[in-house]
Amino acid sequence: MLIPSTPLVRRCFPAFQSKKGVIMVGNQTTYDDGQGHQRNVTELLEGAKKANVVLEARQLAMKIFEDYTVSWYWIIIGLVIAMVASLIFIVLLRFLAGVMVWVMIVMVILVLGYGIFHCYMEYAKLKGEAGSDVSLVDLGFQTDLRVYLHLRQTWLAFMIILCVVEAVIILLLIFLRKRILIAIALIREASRAIGHVMMSLLFPLCTFFLLCLCIAYWASTAVFLSTSNEAVYKVFNESACQFSGQPCRPETFNTSNVTKQCPDAQCLFAFYGGETAYHKYLIVLQFFNIFMFFWLVNFVIALGQVTLAGAFASYYWAFKKPDDMPAFPLFSAFGRALRYHTGSLAFGSLILAIVQVIRVILEYLDHRLKAADNRFAKFLLSCLKCCFWCLEKFIKFLNRNAYIMIAVYGTNFCTSARNAFFLLMRNIIRVAVLDKVTDFLLFLGKLLIVGSVGILAFFFFTQRIKLVQDTAPSLNYYWVPILTVIVGSYLIAHGFFSVYGMCVDTLFLCFCEDLERNDGSPERPYYMSPELSEILLKGNPEPPKSADSQG
């Protein structure tokens, strides 16, 4: 089928044109389909519509790239502000834990309240404007995302989401108000531990560097595997031929016996791939590459967790703090992890990687079965995906506590996981109402930093700050740098607060172990600090005893 064409993304695209509302190609409203039939150009246009999506996506990508080129230094400034804010917040927690937690709670409520107010003002301002009442469903997907901000329904959706989040946080604070005081004591103790191991705040940079190496290795291997295919040519002919469908080489085809026995045979391109066993099992190699990626990433994360746990455990189990602590607790814990616990970390990472690969395979099967109208298969896949998602979350939780027990006692992975699990089960009430409340407060801290930096970025890039109105760059989509700053700020805040989270989990597990092995008597004194014991042991005069301690 030969028609006038124009180049598009290194491919031939029909040269459509419109004259007086009539769509034509090559000044004709019909075309020859190559089989002697004349077809209307509109049929050709329907077949080429998907190329328009590619073209629009390419234009969107170019505009986003242009926005990054003119705003990258402002994005870096925003990320630096997030890093400084996170560091200041952590330092203030060291000295003013109680005050900072309540300030953080109030600030999060105020930030969300301002977001609700802003969404309502935008929603009210669009009332009566032409086109603002169009629904999101009727509008459909638009590459220019600014169109959505001119719809009342968009701001209404934002306002509802923020109201729900605000209500959930307020209700949780009301019901957990008594436990927040206990959680503050645990955060204060974690602040003391981090104060004696200040290098722990920089340790996430080491983990981030190792994760970048893992991602680079996986990406380069995946690209090499994906581009290892070859152009496959096969014999095509109209009459009967015994060589039909067999592979051939265009360079030697005209001199081969095929042309002598089948004069009308041609050696034409069939597909891009390969006929060897390597090419047939290329998808298996890709899955193996993904499996190794998950294994390496989980190993790096496990190495970071057991290192931090070892450093903070050395603080807790020091009877005279900080005199009984090692000189360099973080480096000592890192050395112990590499020297003695590599196998345990690899085994725990392997279990998690297997579950994650199974989830990837289930997603792949779900994608392949989308075209099939088999409701039972879709239902079964949905159930399996849900079960393995829950299994992955449970294994992550168990591994995290197992690594703490490995750092404390040096036992193997299976023994540590069993001991950690039963220790948590014996203290399930404390786990539910204390450890998770602390995690919730740390999450509010991340939310405060991300929300504050995000609001600052929004006002700056939308040129609403009069002092720097002329400094802000002119953008195609102002949401591009704003979203980049928000995501980057969350990652930075998560890096700092993950140290706090690991410290709290380690101290909490050590606290539960301390309760079972000691009774506070002069012969078996508690290792916890007096401030921590005063609050955590309030109302628990008889802590549960393990079988070992009772014996």
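Residues of a lining were classed as nonpolar (Ala, Val, Leu, Ile, Met, Phe, Trp, Tyr, Cys and Pro), charged (Asp, Glu, Lys and Arg) or polar (the others, Gly among them). The model is predicted, with pLDDT of at least 70 needed for local features and 80 or more for side-chain atom pairs, while totals for chains, interfaces and linings use all residues. Residues are numbered from 1 along each chain as its sequence is written, and side-chain values use heavy atoms, without hydrogens and water.

A pocket is an open set of points on a 1 Å grid over the protein atoms alone, where a 1.4 Å probe fits, with protein on both sides within 12 Å along at least five of seven lines; lining residues have an atom within 4 Å of a point. Points are joined across faces, edges and corners, and a volume is the space filled by probe spheres set on them. Helices are DSSP runs of H or I with at least four residues, numbered from the N terminus.

The volume of the largest pocket is about 1800 Å³. Its lining comprises 50 residues, with I301, Q305, H494, G495 and S498 nearest the centre. At least two lining residues come from each of α2 (49-95), α7 (203-226), α10 (282-316), α12 (342-368), α13 (375-409), α15 (428-461) and α16 (479-517); α16 gives the most, twelve. By class, 27 are nonpolar, 14 polar and nine charged.

The second largest pocket holds about 1000 Å³ of space. It is lined by 28 residues, and F158, L162, F458, I482 and I486 are closest to its centre. Two or more lining residues are given by each of α3 (97-125), α5 (152-175), α15 and α16, the largest share being the eight from α15. This lining has 23 nonpolar and five polar residues, and no charged ones.
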